[in-house]
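Please look through the structure below before reading on.

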Amino acid sequence: MTEFTPYASLAGGVLIGLSTVILLLANGRIAGISGIYSRLFEPSTLANGKSAWVHGEKGWQLSFVVGIVLAPLLLMVAGFEIEQVFTGDLTLIAIAGALVGFGSVFGSGCTSGHGVCGLSRLSVRSLAATITFMSVGIAVVFVLRHVVGG
């Protein structure tokens, strides 16, 4: 069981909310992480035939993803204690990650796009997606902890 950290959780939630507002105000873009990440690997050209890399369309996406990866590393360098523990079978973790990726594509977004950005825009589609994400997550944890005994 992980330790309950209400202040760290609140601070993280505030930072996530603030970053989504900044991205929306600065670029007019929704902070759906799975969409931002997947579009980095799509070959894209603008309507005028120019590369999207040249005109900065991919630059902000790359900066966003690099920031997600570098932020905890920079916090550790600054002296903050960050502990992430993975327990269990790494093969199962990899399979779970692949299923989450598939679900993000299948559901046209992830929890950040639907749950944080979509709900704040009162999107009915995002409400349905978030209810589905949360219900399935709760059911899986219940089955793994109380039925399977994991």
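**The chain and its helices**

From the N terminus on, the order of elements in the chain is α-α-α-α-α-α. That makes six helices and zero strands, where helices (H or I, at least four residues) and strands (E, at least two) are DSSP runs numbered from the N terminus. The model is predicted: local features need pLDDT of at least 70 and side-chain atom pairs count only at pLDDT 80 or more, while totals for chains, interfaces and linings use all residues. Residues are numbered from 1 along each chain as its sequence is written, and side-chain values use heavy atoms, with hydrogens and water left out.

The chain has 150 residues, of which 17% count as buried; buried means under 20% relative accessible area, exposed over 50%, and partly exposed in between (1.4 Å probe, protein chains only). Its accessible surface is about 11,300 Å², and carbon and sulfur atoms hold 71% of that area. Such areas come from the Shrake-Rupley method with a 1.4 Å probe, and for residues only the protein chains shown count as cover. Of the contacts between residues at least 6 apart in sequence, 40% join residues at least 24 apart, a contact being heavy atoms within 4.5 Å.

An unreviewed UniProt entry lists residues 6–26, 60–80, 92–110 and 122–144 under "transmembrane region". UniProt positions are given in the numbering used here, feature names are shortened, and annotations may be inferred rather than shown by experiment. In the model, residues 60–80 are 86% helix and 0% strand, with end C-alpha atoms 27 Å apart. Residues 92–110 are 79% helix and 0% strand, and their end C-alpha atoms lie 20 Å apart.

The largest pocket has a volume of about 1,700 Å³. On a 1 Å grid over the protein atoms alone, a pocket is an open set of points with protein on both sides within 12 Å along at least five of seven lines, and lining residues have an atom within 4 Å of a point. Grid points are joined across faces, edges and corners, and a volume is the space filled by probe spheres set on the points. Helix 4 (90–106) and helix 6 (124–147) each give at least two residues to the lining of the largest pocket. By class, this lining has 17 nonpolar, 13 polar and four charged residues. Ala, Val, Leu, Ile, Met, Phe, Trp, Tyr, Cys and Pro count as nonpolar, Asp, Glu, Lys and Arg as charged, and the others, Gly among them, as polar.

The second largest pocket has a volume of about 1,200 Å³. Of its 25 lining residues, Gly12, Leu15, Ile16, Ala71 and Leu75 lie nearest its centre. Helix 1 (6–27), helix 3 (59–77) and helix 5 (111–120) each supply at least two residues of this lining, and the largest share, seven residues, is from helix 1.

Ser19 is placed in helix 1 and counts as partly exposed, because its relative accessibility is 33%.

Leu122 sits in the loop between helix 5 and helix 6, and its relative accessibility of 75% makes it exposed. Its phi is near 60°, a positive value in a residue other than glycine. Most residues other than glycine have a negative phi.

Ser126, in helix 6, counts as buried because its relative accessibility is 3%. Leaving aside neighbours within four places in sequence, Ser126 is in contact with His114, Gly118 and Leu119.

How values were computed. 1 Å grid on protein atoms, 1.4 Å probe; cavity = no way out; pocket = protein on both sides within 12 Å on 5 of 7 lines; lining within 4 Å.
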